[in-house]
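Please examine the sequence and the structure shown here.

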Amino acid sequence: MTRITPVPGRAALLACLLAAGAGSALAADEPSSPYVTPQADVDVTYTIYPPHDTSQTMSQRMRWSASRMMQRVDPANATTYMITDYHAGTLTVVNADQKIRTVIPAPGAANVQMGQRAQGTWLRTGVSKVAGLPCALWQTQDTDQRPSEICYTDDGVMLEVIRDGKVMVEATSVNHTPQDAGVFEIPSGLKELRAAHP
């Protein structure tokens, strides 16, 4: 199953996460799984909640270009950001302060296709509204094989992740606006640092 926001370190929660409700039967014309790749350009800001009880949260901005099949993730208050090129199959971590970049294979790149619904086992459990947008709740397993409930818009934008009845990731703003090519350009003149465990 594809996770569309691969982010190293603490922000990896979005990559690893994809209160279980009562299952509902699908109508004949309803899909059996969601789009988990946005089908159009989008700019989303997420709040990420830690798994343990604390008031500490973090914010993260994700921008997606559907035509380029590229994603940029910027954790708040950090000089490091990630650019994933799904055509090239690479994830580049850019450290602007140290002027270095690290390139690793993009997680799940082979499964990220436009117009392709998620593979695996999914159960539609209901509907919700997050950041002012309607979304469908889908129950599945995350990459740790733990049950999660994820709210996706009809066009594949992840708005919320719930695990063990607790909201782990929640969109706070969503803008369906065209993304400029410059957003996804890797700065020139960066030293390439080889990843220890690619």
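Q: What pLDDT does the protein average?
A: This is a predicted model, in which local features need pLDDT of at least 70, side-chain atom pairs count only at pLDDT 80 or more, and totals for chains, interfaces and linings use all residues. Residues are numbered from 1 along each chain as its sequence is written, and side-chain values use heavy atoms, with hydrogens and water left out. pLDDT is the predictor's confidence in each residue, from 0 to 100. At least 70 is scored by 80% of the residues, and the protein averages a pLDDT of 82.

Q: How many residues apart in sequence are the parts that the pair Cys135 and Cys151 ties together?
A: Cys135 and Cys151 form a disulfide (cysteine sulfur atoms within 2.5 Å), with their sulfur atoms 2.1 Å apart. Strands are DSSP runs of E, at least two residues, and helices runs of H or I, at least four, numbered from the N terminus. Cys135 lies in strand 8 and Cys151 in strand 9, so the parts tied together are apart in sequence by 16 residues.

Q: Is Val36 buried or exposed?
A: Val36 is found in the loop between helix 1 (13–16) and strand 1 (42–48). Buried means under 20% relative accessible area, exposed over 50%, partly exposed in between (1.4 Å probe, protein chains only). Because its relative accessibility is 3%, Val36 counts as buried.
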